[in-house]
Amino acid sequence: MSAKALWTLQSDPDFRCISMAPPLEELKVLEEDITTGRLREPVAVWHRIIIEGYPRYEIYTRHGIKFALEETVFPSKTDAMLWSCERQLRRGHIATAARYYLLGKLYLMSRAKSPGAPPTELAGRISAKFGISPTTLLEYKSFANKLDVLRHKEPELADGVLLGRYALHLRKFTRLEHKSSRELWAMAHIPGKGGYLTPAPSASTVKDMPAFDPDGPLMSLALTIPSWVNILERAGGKASLSGASAVCRKKLEQALFDLYTAVESALTELLED
C-alpha cells in the first residue's frame, strides 16, 4: 500500500469498460462518504493503470483529496482484468445489469486465457463460485457480447443499461452491429415507465417486396432437428466415443456445447412467448 498523495494515474479503456459505477443514489452516498472523510479506500492499480476504483479516483481528483494506491502484480493484462471483475462482483453494490455483464465478461476472458479448457468445466466452475447455473452464465456471456457491440455504437446507451437507467432486452435482438442509432434507442425504455425512448423506425415503403413468412425458417428448423437427433444417436454410442481420438472428442465437445447453448437460448425465448 502506497502513501496517500494526489496521484495522477493512467486510464485504460478495457479496464474502464469493466469498472462499474454504482447506481446514482449509491454514487451520491459514495461521494459524501469520501468528502466527509468517512471513506478513504485505495484505488487499485497495475503498472500505474487503474484496474479497479474509477468512481473513487474521479471523486478524489475532483475534490483534491489525497488517496492511497493498492499496487497489484499480475503476469498479464487478462489476469488483472479477471481480478477486477471478481472483486467488483464480490462488492455487491453494482446494478443488476452490471452484474450480468461482469459475469459474462468473466467467462469470456477465462475462455481466452485458457482456450484448451473444456467449456463445460469452465462454465461449471465459474457458475458454482457465484451461485448461478451454467446455462444462466452462458446467457450472461451473450449479454456481454451484445453490450460490447452496443457500447461501440452507442456508448451512452450502453452505460445507461449497465447503470439501470435504461432497460434493453438484448437477448431478444440480433445483428446489433447493423442497426442504426435510432433503431438502437428505439429498443430501450426507462424501467417502470411505459413506452420507449424514441418512436420505432417507420416500415419500409418499397413496393413489390416479397411477404415474409415468419414460420418458414422455424418450420425448416423443426423438420431438420430430427435428422440431427438420429445422427447423434448413431454416432454417440459408448463404443464409438471410446474409439475416437482426443482431437476428435475435443472438437465434438465444443460443437455440442455450442449447440446446447443455442438450444437453451431458443427454448427460453419460446417459453417466454
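Two strands pair if DSSP finds at least two bridges between them. Helices (H or I, at least four residues) and strands (E, at least two) are DSSP runs, numbered from the N terminus. The views show a predicted model, in which local features need pLDDT of at least 70, side-chain atom pairs count only at pLDDT 80 or more, and totals for chains, interfaces and linings use all residues. Residues are numbered from 1 along each chain as its sequence is written, and side-chain values use heavy atoms, with hydrogens and water left out.

**View A. Strand E1 and its partners E2 and E3.** Strand E1 covers residues 43-46. Three bridges join E1 to strand E3 (residues 69-71), and these two run parallel. E1 is also joined by three bridges to strand E2 (residues 49-52), here antiparallel. Val 45 stands opposite Glu 71 in E3, and its bridge partner in E2 is Ile 50.

**View B. The hairpin of E1 and E2.** Two residues lie between the strands of this hairpin. His 47, in the turn, has a positive phi of about 55 degrees.

**View D. A nonpolar patch on the surface.** Leu 232, Leu 252, Leu 256, Leu 259 and Val 263 form the patch, with about 350 Å² of accessible area together (Shrake-Rupley method, 1.4 Å probe; for residues, only the protein chains shown count as cover). Patch residues have over 30% relative accessible area and no salt bridge, with like charges joined within 9 Å and nonpolar side chains (Val, Leu, Ile, Met, Phe, Trp, Tyr) within 5 Å. A salt bridge is a side-chain nitrogen of Lys or Arg within 4 Å of a carboxyl oxygen of Asp or Glu. Helix H12 (residues 246-272) gives the largest share, four residues.

Notes. Buried means under 20% relative accessible area, exposed over 50%, partly exposed in between (1.4 Å probe, protein chains only).
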